[in-house]
Amino acid sequence: MWIYEKKLQYPVRIKKPNPKMAAAILSQYGGPDGELAASLRYISQRHHMPIPEAKGMLNDIGTEELAHFEMVGSMVHQLMKGATIDQIKAAGVESWYTDHDRATWPGTGTGVPFTASYIMSKGDPIADLTEDMAAEQKARATYEHLIDLADDPDVIDPLRWLREREVVHFQRFGEILNKLYEWKDSKKYF
Amino acid sequence: MYYDYQTEPRRPEHGQPYPPEHQNLQLARAYVLPQTYTKAFPPEEALKQGTLFPELVMPYDKRH
Ligand SMILES: [Fe+2]
């Protein structure tokens, strides 16, 4: 179970609406390498891990990804809130407005809905942790693309912070993969 | 000011094989160097950086 804290893991305070940037960032909300995918992947894989360190790490990082999902949702909301119809048209996100007004929605800015096809839970701990490490690299790369596209320091700062978390997660999953190989090797001698 | 505490990440010497050969690693496996605790940021700085550990700060240079 979870305990909810009514604050963001890292502050998001965007003052200027920017529907184009909102559409780009929405991919980290409900897109292929986004925070929702990350969270569901790790929280699902946790169950079949053979060692407590792996269960614990997947649960902790899966929980943190939900906090990132919340942060990215706040970014998207703040970028859409207050955008005028003219700004929405100029940004070319009329289809977003048609389906959602200015609402945050788990999909990509091009309208592709979230799907569990983005993630895998294979039941093979080595395969799953290797996927998780790749997932962290893809999330890091996505944040770098978003930083390239952003101009507003209020947008860049939380993106920079979220990217750094992916670097840390990669390190932690790598350490867990080492432990899983240790566990696998130790089983050979019984 | 964010990067005051930054230390160089540990890297093999230039021109050396990667990963270093002496570690007796096996084929067809992925490895990440286990982190050993050296130092930590004070809590305020850790929140800003996104990590408690200076050696994990690896900032990105924005492309223009
Ligand atoms: Fe992550």
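## The iron site

In this predicted model, the iron ion is coordinated at 2.1 to 2.7 Å by Glu65(A) (OE), Glu136(A) (OE), Glu136(A) (OE), Glu166(A) (OE) and His169(A) (ND1). Donors are N, O and S atoms within 2.8 Å of the metal (3.2 Å for Na, K and Ca); water is not among the atoms, so sites may look incomplete. Along the chain, the donors of the iron ion have the spacing E-x70-E-x29-E-x2-H.

Distant parts of the chain are linked by the pair Glu136(A), in helix α7 (residues 125–149), and Glu166(A), in helix α8, 30 residues apart. Helices are DSSP runs of H or I with at least four residues, numbered from the N terminus. Glu136(A) and Glu166(A) are both buried, meaning under 20% relative accessible area with a 1.4 Å probe and protein chains only; exposed is over 50%, and partly exposed is in between.

## His169(A)

His169(A) belongs to helix α8 (residues 153–187) of chain A. Its relative accessible area is 1%, so His169(A) is buried. Not counting residues up to four places away in sequence, His169(A) touches Ile61(A), Glu64(A), Glu65(A), His68(A) and Glu136(A), where contact means heavy atoms within 4.5 Å.

## Pro50(A)

Pro50(A) sits in the loop between α3 (35–45) and α4 (52–80) of chain A. With a relative accessible area of 32%, Pro50(A) is partly exposed. Pro50(A) and Pro125(A) are 75 residues apart in sequence, and 7.6 Å apart in space from C-alpha to C-alpha.

## Conventions

Residues are numbered from 1 along each chain as its sequence is written, and chains are lettered from A and ligands numbered from 1 in the order in which they are written. Local features need pLDDT of at least 70, side-chain atom pairs count only at pLDDT 80 or more, and totals for chains, interfaces and linings use all residues, while side-chain values use heavy atoms, with hydrogens and water left out.

Key:
Helices (H or I, at least four residues) and strands (E, at least two) are DSSP runs, numbered from the N terminus.
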